Structure formats: C-alpha cells, structure tokens
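Dear colleague,

Please find below the structure that I promised to pass on to you. My notes on what was found in it follow directly after.

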Amino acid sequence: MATRDRSLHPGDALVVVDVQNDFLPGGTLAVPNGDEVVTVLNRYLAAFARAGLPVFATRDWHPPDHCSFRARGGPWPPHCVQESEGARFAPGLALPPSTVIVSKDTLREQNTYSGFGGGDLDRRLGEQGVRRVFVGGLATDYCVFHTVKDALARGYQAVLLTDAIRAVNVAPDDGRKAEAEMIRLGATPLRHEMLAE
Ligand SMILES: [Zn+2]
C-alpha cells in the first residue's frame, strides 16, 4: 500500500477528532467555522461505511477542574466537561453505531491534545489492524496537529483531510503552519474529491 494511494483498503481507518459542541459556533471554545467540517466528514464517513472500514472518534473529556481551564491558569475557557452537553458530538455528525470512541485528557493534570497521548487510540487502532489513519476534525492547530504528529511518530501512515479541518488561529497563521508541518512530517493531504472509491 503506497503512502499516496488514494483508495481505501483494509488497514485504513477514519479518525474524527473532537467534533464536539463546545468547539462549534455557540460553544464555549468555538473554532471559527468549525461546523463546516460536519458535512464533509459525513461524506468521508459514508465512504468508510461503503468500504466496511472502521471509524474512530476522539473527544476531549475533561474533569470540571481541568488544568487547561483559565481558573487553573490554563489558556482556555472551560470546555468539553465530562457528561456535559458541550462535550457531546455535533448532532449532525453521522457517526455509525460501531464508532470506537476514544476519550482523551480525562485527568485533571493531563493536557496532551492528542488521541495517542491522552487516550488509548493506539491500542484501539492496533486491535483492528489499522496501519493508515485518515484524520479530520477540530482543531487543525491543536488536537488534529498533535494526533497526526503522534500517529506518524508511532509508525502509522497519516492522511490529512484538508477539507475537513478548521483552526483556532490564536495567531492568524497557526492553522496554515500546523498543516504545513504535518505534511512536512509525512502526512499526505487529501480532499474528498481526490478520494478514489
Ligand atoms: Zn481541551
């Protein structure tokens, strides 16, 4: 399987990163235009369903006194508190019932921004024989970036779904820089219309 192969095969998986209410418009930590990823991700979800390939969904799943929250000296307003409405997946996201949900950064002092560092994504992918991950979601410059970087470091091939990510952009270029860095590290950029089915 070539790294730049644009068709889906056994060993491929879709990893949807943190498409949760708090990261969408109206949420406590809304990513600009974050809701735009939902429609595009649904197209990828349909393609993976047709190919009979597994889907993983990571979620920020923080305790109420998480270290990344401003009250604790962190950079962010409270978001994605365990069991809250804000922590739920976007209602329009068509995750299949078989989706493997990976909760991350669930501990007070843990803030890795990565499904690998802060959850058990690696083990769950391994159980299903996954070798190549297609990654989209929120946000480009944080949890997507760290998840893709960690996937590559662990020997997975990574495909970055450039039409299904949006950035926080604390500095205006953060998203663009994160995207360039993921590609430099070895991720293959893909848009839905390039996917051969
Ligand atoms: Zn968080």
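Helices (H or I, at least four residues) and strands (E, at least two) are taken here as DSSP runs and are numbered from the N terminus. On that basis the protein chain has 4 helices and 6 strands, and from the N terminus on these elements follow one another in the order β-α-β-β-α-β-α-β-α-β. The radius of gyration of the protein chain is 15 Å, close to the 16 Å that the globule rule gives for 197 residues, so the chain is as compact as a globular protein of that length; the radius is taken over C-alpha atoms, and the rule is 2.2 Å times the number of residues to the power 0.38.

Before the details, a word on the basis of these notes. This is a predicted model, in which local features need pLDDT of at least 70 and side-chain atom pairs count only at pLDDT 80 or more, whereas totals for chains, interfaces and linings use all residues. Residues are numbered from 1 along each chain as its sequence is written, and side-chain values use heavy atoms, with hydrogens and water left out.

Overall picture

Along its principal axes, the C-alpha trace of the protein chain spans about 45 × 35 × 30 Å. Of its 197 residues, 52% count as buried, where buried means under 20% relative accessible area, exposed means over 50%, and partly exposed lies in between (1.4 Å probe, protein chains only). The protein chain exposes about 8600 Å², and carbon and sulfur atoms supply 52% of that area; accessible areas come from the Shrake-Rupley method with a 1.4 Å probe, and for residues only the protein chains shown count as cover. With contact meaning heavy atoms within 4.5 Å, 77% of the contacts between residues at least 6 apart in sequence join residues at least 24 apart.

The zinc site

The protein donors of the zinc ion are Asp60 (OD), His62 (NE2) and His79 (NE2), lying 2.1 Å from the ion, and along the chain they follow the spacing D-x1-H-x16-H. Donors are N, O and S atoms within 2.8 Å of the metal (3.2 Å for Na, K and Ca), and as water is not among the atoms, sites may look incomplete. Both Asp60 and His62 are buried.

The buried residues of H1 are Val37, Val38, Val40, Leu41, Tyr44, Leu45, Ala47 and Phe48, and they pack against S1, strand S2 (55-60), S4, strand S5 (157-166) and strand S6 (188-190). H1 is followed by Gly52, which has a positive phi near 70°.

In H3, 10 of the 14 residues are buried, so this helix is largely enclosed by the rest of the structure. What covers the buried residues of H3 includes S1, S3, H2, S4, S5 and helix H4 (174-185). One of these buried residues is Ala151, which has a relative accessibility of 0% and touches Phe116, Val133 and Tyr156, not counting residues up to four places away in sequence. The C-alpha atoms of Ala151 and Val135, which are 16 residues apart along the chain, are separated by 9.8 Å. Just after H3, Gly155 takes a positive phi of about 90°.

Ala158, for its part, belongs to strand S5 and counts as buried at 1% relative accessibility. Leaving out residues up to four places away in sequence, Ala158 touches Val133, Val148, Leu152, Gly186, Ala187 and Thr188, and its C-alpha atom is separated by 7.2 Å from that of Val135, 23 residues apart along the chain.

Backbone points to check by eye

A cis peptide bond, with omega about -15°, joins Leu138 and Ala139, and Ala139 is found in the loop between strand S4 (132-138) and helix H3 (140-153). Asp18 has a positive phi of about 50° although it is not a glycine; this residue is in the loop between strand S1 (12-17) and helix H1 (36-50) and is buried, with a relative accessible area of 0%. Tyr113, likewise a residue other than glycine, has a positive phi near 65°, is found in the loop between strand S3 (100-104) and helix H2 (121-127), and is buried at a relative accessible area of 17%.

With best regards
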